[in-house]
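Dear colleague,

I am passing on the structure we spoke about, together with some notes on its charged residues and annotated positions. Please look through it alongside the text that follows.

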Amino acid sequence: MTNTSKRGQPRRAFHGTLRFVLPTLIVILLGLNLWVQQFPLSDGSELLSSNKHSKKKNVIFFVTDGMGPTSLSLTRSFRQYAHDLAIDDILTLDKHLIGSSRTRASDSLVTDSAAGATAFACALKSYNGAIGVNSDKVPCGTLLEGAKLSGYHTGLVVTTRITDATPGSFSAHVDFRTQEDLIAEQQLGDYPLGRQVDLMIGGGRTHFYSSQSDRKYGSRGSRRDGRNLIEKAEKDGWSYVGDRSQFDQLQLGQNVSLPLLALLADYDIPFDMDRDEEEYPSLEEQTITAITALSEATKDSDKGFFLLVEGSRIDHAGHQNDPSAQVREVLAFDRAFQAAKDLADRSEVETIMISTSDHETGGLAASRQVTKSYPEYVWYPEVLYNARHSGEYCSKQIANYKGDDKKNFIKHEILEQNLHITDYRDEEVDFLTRENNRNAVQDKLNDMISFRAQIGWSTHGHSAVDVNIYAYSNKKHAMDDILKHLQGNHANTEIGSYMAGYMDLDLVQVSKKVRDTRHSPDKSSAPGINSVIDEYYHRINA
Ligand SMILES: *[C@@H]1O[C@H](CO)[C@@H](O)[C@H](O)[C@H]1NC(C)=O
Ligand SMILES: [Zn+2]
């Protein structure tokens, strides 16, 4: 007792001195600063540069691929159930709702992600499949290219392939979304404009190397030209990150040397509910890393950064009609949005965050008639809560099962353990045991969950319903300006135009600079577009 208090004595005295000295020091420094500011340099250059500094801007554009209004209702109720929250508890996104967006493509009322992203990136309507090209297949200048050309730093963060439609439309120009090998080349700077992207974090490594490449990059490279773009990128000065341990060395963005190419999976990063944290970072960690690295890189610049963050796999859960995977994808996105907002609130730089979807996927309905008689007014979030893995994960497990009692494996490991379904019927188990097509098994499992939760789906594709627009700025005048232009119902292209105007970009001039990009498929090497798109939602990564 006595010892402790004796040792405590001098420390208290020291703290006492600090308590007096620190405030005095701060007052003196503040005074000095005010005094210095009264005497600007006589040529006015100090005033000019401080004006310039106040115009520094960061733009973070969020895309929730395939997330419609129903996804939000579902996720909100799911979260209330899972965390025992009040019935008026809402998501972070809900607090920033400002309007809705019309999503049609130039050639169809129902858009795909390529035309949807090109509408944002180039601020024009194009056809389904178009990546950074207009409806005449002429390359169009994008927000990301315009931002880079005027001095911004740029980045792309996704959970699917970095060469997929949404990131591709901001950083490449090709006639069809399936030309992902060519998209990868352009993203690394192999086109007339040279390198425009400073940071990429996501999946899609497969389009950057081939099956003949050195095994140190992995074993699932699929480039048709046999090239190893990762090796070339490293020679050209990119930092390459290929797994979780290398990602952790980035220290959430504090230890990044740009340009950064972080390819964390050959295809997709697993759904958040299946994600092994030892193996893959969350979208939130990816987003914090990107924002911190770009903020650090632009710290002494009078230009900020343009960053695209995509919750890519909300769309995949929609295509697969998997409601329990979808609500977790939306929650993972909501956390990433909140993290970005927290960083903006701590930053001096005027930052705008705009979030919207390219389209809705699945025709999701938060109710479903499961009997012939007039339906009850219910749906059951506990069914989604009790499911421990996605249909994608479970169907892969069934396909990989090597034992000799498949039926019991399906009953006990898959249905009871993974999905927490105990009221399965014989014909359901028989179907799952007999069926060898993994896509059909996946669809069956997801339907078993949806049916029991009384959740409806009208399609495995996209729908034409309007999607929500969300926005936030850390500066009031910037938020007022966003509301002036984007409050209410708008075409998706207006969201792109708004960001171009905000960054003072001339996309017509940028378009002239990219016109000569090689963009058409080379007949011998491009896969047939239709067959690939048909299989798109079922893409099997096993
Ligand atoms: C920072 O990154 C370098 C590689 O670029 C790595 O060698 C180093 O270990 C990292 N530092 C930390 C603290 O992770
Ligand atoms: Zn889709």
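R195 is partly exposed, with a relative accessible area of 33%, and in this predicted model R195 forms a salt bridge with D198, the closest N and O atoms being 2.8 Å apart. D198, by contrast, counts as buried, because its relative accessibility of 3% falls under the 20% limit for that class.

A further salt bridge is formed by D447 and R368, whose closest N and O atoms are 2.9 Å apart. This pair links distant parts of the chain, since D447 lies in helix α17 (residues 438-453) and R368 in the loop between β9 and α13 (381-386), 79 residues apart. Both partners are partly exposed, D447 at 34% relative accessibility and R368 with a relative accessible area of 23%.

Salt bridges that share partners also join D112, R161, D164, R177 and E180 into one network. Counted over the model, the salt bridges come to 29.

On the surface, D276, E277, E278 and E279 gather in a patch of negative charge. One of them, E278, is placed in the loop between β6 (260-263) and α10 (283-297), and E278 is exposed, because its relative accessible area of 68% is over the 50% limit for that class.

Turning to the record, the unreviewed UniProt entry carries the annotation "binding site" for D65, D315, H319, D358, H359 and H462. These residues span 398 residues in sequence, yet no two of their C-alpha atoms are more than 14.2 Å apart, so the annotated positions gather at one spot. Among them, D358 lies in the loop between β8 (350-356) and β9 (360-361), and D358 counts as buried, with a relative accessibility of 1%. As the annotation may be inferred rather than shown by experiment, I would treat it with that caution.

How values were computed: Residues numbered from 1 in each chain as written. Chains lettered and ligands numbered in written order. Predicted model: local features only at pLDDT ≥ 70, side-chain atom pairs only at ≥ 80, totals over all residues. Heavy atoms only, no water. Patch = residues over 30% accessible without salt bridge, like charges linked within 9 Å, V, L, I, M, F, W, Y side chains within 5 Å. Areas by Shrake-Rupley, 256 points an atom, 1.4 Å probe, with all protein chains shown as cover. Salt bridge = Lys/Arg side-chain N within 4 Å of Asp/Glu carboxyl O. Lys, Arg positive; Asp, Glu negative; His and termini not counted. Charge placed at Lys NZ, Arg CZ, Asp CG, Glu CD. Helix = DSSP H or I, 4+ residues; strand = E, 2+ residues; numbered from the N terminus. Buried < 20%, exposed > 50% of the residue type's maximum accessible area, 1.4 Å probe, protein only.
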